[in-house]
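User: I would like to learn how to read a few features of a fold, beginning with a helix. Could you take me through them one at a time?

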Amino acid sequence: MPLAVSLGDPAGIGPELIAAAWRMRQAERLPPFFVVGGADILVAAAASGGHDLPIMRVSGTDGAAAAFADALPVLELPDAASPAYTPGHPTREGAALALSSLTLATRMALSDAASGLVTGPIAKSLLAEVGFDFPGQTEFLAAACDVEAEDAVMMLAGPQLRTVPLTVHCALADVPGRLTAELICRRARITAAALQRDFGIDRPRLAVAGLNPHAGEDGKFGDEEARIIAPAIASLRAEGLEVTGPHPADALFTARARPTYDAALCMYHDQALIPLKTLDFDSGVNVTLGLPMIRTSPDHGTAFDIAGKGVADPGAMIAAIRMAGEMAARRMPAHR
């Protein structure tokens, strides 16, 4: 069963990266995938980089799997208008197409019509104008899957590091008030289970970062470590999970520390994303854990400033497609 790929904002770099991933499918040994909507835009995006792109318009996943070797399969959206390709200049029509693509691709992955979902980057502000009422795609997917928002866990994964932000899209000033032992425990359990099922790690090792400088330094710089984080770690250890911390965040991502854990649980967005993007910017993948389906995405945005110029690196898109395929393979009955 092929993967479903949502187009993302058609004015961003998503379409050209999808086209590049298909061109490199053999060299990168990518699993079969199809794109939901935007056939003309994909062809134009490839042409902007000086490449021809053979397209096969398909009506279902059987046709997509058969076509993949010779052409990029595209499942047409019957009710979505296809706007002109305007790289770097997003429009409401383009946002509507992105939302339609995401909605149908999600439905196909959730119904097992596709083996997983890879989402192209979107522009949230424009999507809000066409009815997208979520902070991001992760929250949209949680609602579509009827999963509590707290249980849809964002993990950023690259060749050198995996990180999980425990709080995500909120102001830094709000982070201490949102941290609870229950939140840490819930997301640690989901992370450990996903590392076992989808990444083949029999006994996952989780490292938990502190919130404050020097992990609070015995209360001198804050008491969240002693009051919230350490009790959560003790509870998780009592359940049999291999969890360490709270660790000072300024030392947790060094070359010496990284081999000692399989994923780092971080207290806020930038604490998790800065080290991941520093180490693995062109190969970082955003994985949503805790859903009944597989979802990955390249860990970057629409990059409107370079869209259509032929300079965007497809590495993260390729990594997202490859990782989704590997996760799907591990979920197959023969692999269990």
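Analyst: The expected span of a helix is 1.5 Å times one less than its number of residues, where helices (H or I, at least four residues) and strands (E, at least two) are DSSP runs numbered from the N terminus. This is a predicted model, in which local features need pLDDT of at least 70, side-chain atom pairs count only at pLDDT 80 or more, and totals for chains, interfaces and linings use all residues. Residues are numbered from 1 along each chain as its sequence is written, and side-chain values use heavy atoms, with hydrogens and water left out.

User: Which residues of H11 are buried, and what covers them?

Analyst: Buried means under 20% relative accessible area, exposed over 50%, and partly exposed in between (1.4 Å probe, protein chains only). In H11, Gln 271, Ala 272, Leu 273, Pro 275, Leu 276 and Asp 280 are buried; their cover includes strand E6 (153–157), strand E8 (205–209) and helix H10 (249–252).

User: How many disulfides does a search of the whole structure find?

Analyst: A disulfide is a covalent bond between the sulfur atoms of two cysteines, and the criterion here is a pair of cysteine sulfur atoms within 2.5 Å. The search finds 0 disulfides. For Cys 170, the closest cysteine sulfur, in Cys 266, lies 14 Å from its own sulfur, which is too far for a bond. Cys 145 is buried, with a relative accessible area of 11%.

Technical notes. Contact = heavy atoms within 4.5 Å.
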